[in-house]
Amino acid sequence: MSETTVVESGVSAPNAEKTNANPFAVGIGNLLTGSNPEKAIGDSIDRLVEYRKNWESNELSSANDVLYGILQHCYALNNTMQGSDSIAKSLKKGLANYIKTHEYKFSDSSPLITKIVKCVFGVDRRRVNAYSTAMKAAMTERVSVLDLPKYFREKGGVEEVRRSTTSKGKSIAQKVELGRTVLDGEILAKVQSDSLNASFSNEQLEEGVVLLATREDDGSFAIRRVIQSGTAVKSALAACSSVGAEKEKAQKLADEAKAIEDERLAAQAKLKAA
């Protein structure tokens with residue numbers, strides 16, 4: 001096989017002139033600085049599709065590193081579209097246009113990373129699920145874009161990350177219970193208005209409400225709707241389960257430390273009594 005390098009477009013090309021430019025950095029730089037972000041997101045995904053097809057045709061058997069590179073690009077696209085600034089909004093609109101053009105179907109709850117993975121890797125449900133699950137695990141562990149390939153290698157590969165994530169999964173009820181800890185946690189802000197109170201129904205007494213808000217360009221948060229649906233509240237609490245899990249873990253470590261200290265003190269008391 002002829003020598004292969006990665007060119008700035010993000011597509012593997014035989015006998016291409018080698019360059020020190022990082023294709024990930026160049027690709028994301030083009031997204032952020034291009035004059036038409038809505039078009040740029042589609043172009044970027046098309047380049048990744050071409051890159052993926054080349055990998056599948058020529059290097060699949062021995063090129064996990066290439067796979068990790070493609071996933072790294074997907075991970076970066078996801079991060080670039082986070083937030084509510086004008087660029088992120090344009091990129092997300094461009095992704096929606098790309099999805100519509102290619103007639104991909106998603107549910108309203110589909111995560112952004114799942115949409116990106118499906119656009120790049122096609123409609124194989126098991127494959128899309130495996131890759132998106134692995135990357136959601138990386139997000140939970142706050143893995144940086146540049147460290148993603150290293151993360152997969154150290155964890156034994158994408159499939160191993162997916163398997164360990166799904167095997168440790170908690171039920172919705174368990175997540176809701178863990179998430180309830182945020183209801184007694186730090187108050188981030190207080191808002192009060194007649195329109196908010198008018199939207200609140202005393203007949204629907206859930207343990208909380210969901211305030212649906214958007215982040216505006218000036219950094220403020222605009223509350224658009226008061227949601228008192230029990231399902232929505234439980235989903236929001238479940239999304240906060242990691243907070244409760246961390247507190248649960250910290251309490252367990254504290255209890256173990258106390259038990260060890262109690263044993264040490266008891267042993268000292270026996271020695272003194274002897």
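## The second largest pocket

A pocket here is an open set of grid points with protein on both sides within 12 Å along at least five of seven lines, and its lining residues have an atom within 4 Å of a point. With that in hand, let's look at this predicted model.

The second largest pocket comes out at a volume of about 1,200 Å³. Its lining runs to 26 residues, and Leu188, Ala189, Val209, Val210 and Leu211 are the ones that lie nearest the centre. Two or more lining residues come from each of helix 10 (194-199), strand 3 (210-215), strand 4 (221-227) and helix 11. Sorted by class, the lining has 19 nonpolar residues, along with 5 polar and 2 charged.

## Helix 9 against helix 11

Helix 11 also turns up in a helix pair. Its axis (residues 230-239) and that of helix 9 (residues 172-179) come within 7 Å of each other, crossing at roughly 75°. Angles of 65 to 115 degrees count as roughly perpendicular, so helix 9 is roughly perpendicular to helix 11.

Who touches whom? On the helix 9 side it's Lys175, Val176 and Gly179, and they meet Lys234, Leu237 and Ala238 of helix 11.

Across the chain the mean pLDDT is 79, with 82% of residues reaching 70 or more.

How values were computed. Residues numbered from 1 in each chain as written. Predicted model: local features only at pLDDT ≥ 70, side-chain atom pairs only at ≥ 80, totals over all residues. Heavy atoms only, no water. Axes fitted to C-alpha atoms, helices over the stretch in contact; angles between N-to-C directions. Helix = DSSP H or I, 4+ residues; strand = E, 2+ residues; numbered from the N terminus. Parallel < 35°, antiparallel > 145°, perpendicular 65-115°, else oblique. Contact = heavy atoms within 4.5 Å. 1 Å grid on protein atoms, 1.4 Å probe; cavity = no way out; pocket = protein on both sides within 12 Å on 5 of 7 lines; lining within 4 Å. Points joined across faces, edges and corners; volume = space filled by probe spheres on them. Nonpolar A, V, L, I, M, F, W, Y, C, P; charged D, E, K, R; others polar. pLDDT = per-residue confidence, 0-100.
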